[in-house]
Amino acid sequence: MTEQQLQKDLSIICKQLMLEQPFYGLLLLNLNKTFTTKTKTAGVGLQGINYKLLINPDFWQSLSVEHKFGLLQHELMHIAFFHCTDMFKHLDDKEIANIAMDIEINQHIDGDKLPADGCFLEKFGQYNLYPEEGTNSYYQKLI
């Protein structure tokens, strides 16, 4: 896929998400969306006072339409839950922190829209995680 085709595909998914779930539209408005090989999959982060979304083009193309939809929801939830801000800088182990954040977020997304190998509450049953405990609680239990 060319860059133009990738952007068109992403635009279609964004519009569908905005129409079906308008909440996400607010987050998508000021989001700088970039395809890059600098990331393995996808991620969001701060860019000045706005946010940026980085997507690996090969990863994007490997996803079904449903999983593209879920990926956008997932990354936008990181923004909605303030995961990109200083609120979570106290979590020293960034890998465990990301898992804890993903567990929190994925509870709010239809499981059919997420890949089976994602971080789901059920996969971490041995840690006594409970629904909607939040990132900090999940982090403390996982660490």
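1. Leu 26 is exposed in this predicted model, because its relative accessible area of 62% lies above the cut-off, which is over 50%. The residue belongs to helix H2, residues 22-29. Together with Met 18 and Leu 29, Leu 26 makes a nonpolar surface patch of about 320 Å². Leu 26 and Pro 115 are separated by 89 residues in sequence, and their C-alpha atoms are 25 Å apart in space.

2. Strand S3 covers residues 50-55 and pairs with two strands. Strand S1 (residues 31-35) runs parallel to S3 and is joined to it by 5 bridges; in this pairing, Thr 34 stands opposite Leu 54 of S3. Strand S2 (residues 42-47) runs antiparallel to S3, with 6 bridges between them, and Gly 45 stands opposite Lys 52 of S3.

3. Which residues of S3 form the covered face, and which the uncovered one? Tyr 51, Leu 53 and Ile 55 lie on the covered face, whereas Asn 50, Lys 52 and Leu 54 lie on the uncovered face. In a regular strand, side chains alternate between the two faces of the sheet.

4. Backbone angles deserve a separate remark. The hairpin of S2 and S3 has 2 residues between the strands, and Gly 48 there takes a positive phi near 65°. Positive phi values also occur in residues other than glycine: Asn 128 has phi near 55°, and Glu 132 likewise has phi near 55°. Asn 128 is located in the loop between H5 and helix H6 (135-142), and Glu 132 lies in the loop between H5 and H6 as well. Asn 128 is partly exposed, at a relative accessible area of 47%, while Glu 132 counts as exposed, at 64% relative accessibility.

5. The largest pocket holds about 720 Å³ of space. Its lining comprises 31 residues, and those closest to its centre are His 74, Glu 75, His 78, Asn 98 and Asp 102. At least two lining residues come from each of S2, helix H4 (65-80) and helix H5 (94-106).

6. The whole structure contains 4 salt bridges. In one of them, the side chains of Asp 9 and Lys 68 meet at 2.5 Å, N to O. This pair links distant parts of the chain, with Asp 9 in helix H1 (residues 3-20) and Lys 68 in helix H4, 59 residues apart. Asp 9 is buried, with a relative accessible area of 18%, and Lys 68 is buried as well, with 7%.

7. Lys 113 and Glu 66 form a further salt bridge, at 3.6 Å from N to O. Here too, distant parts of the chain are linked: Lys 113 is in the loop between H5 and H6, Glu 66 is in helix H4, and the two are 47 residues apart.

8. The closest N and O atoms of Lys 141 and Glu 133 are 2.7 Å apart in another salt bridge. Lys 141 counts as partly exposed at 29% relative accessibility, and Glu 133 is partly exposed, with a relative accessible area of 29%. Elsewhere, salt bridges with shared partners join Glu 66, Asp 110 and Lys 113 into one network.

Terms used. Residues are numbered from 1 along each chain as its sequence is written. This is a predicted model: local features need pLDDT of at least 70, side-chain atom pairs count only at pLDDT 80 or more; totals for chains, interfaces and linings use all residues. Side-chain values use heavy atoms; hydrogens and water are left out. Patches are made of residues with over 30% relative accessible area and no salt bridge: like charges are joined within 9 Å, nonpolar side chains (Val, Leu, Ile, Met, Phe, Trp, Tyr) within 5 Å. Accessible areas come from the Shrake-Rupley method with a 1.4 Å probe; for residues, only the protein chains shown count as cover. Helices (H or I, at least four residues) and strands (E, at least two) are DSSP runs, numbered from the N terminus. Buried means under 20% relative accessible area, exposed over 50%, partly exposed in between (1.4 Å probe, protein chains only). Two strands pair if DSSP finds at least two bridges between them. On a 1 Å grid over the protein atoms alone, a cavity is a set of points where a 1.4 Å probe fits but cannot get out, and a pocket is an open set with protein on both sides within 12 Å along at least five of seven lines; lining residues have an atom within 4 Å of a point. Grid points are joined across faces, edges and corners, and a volume is the space filled by probe spheres set on the points.
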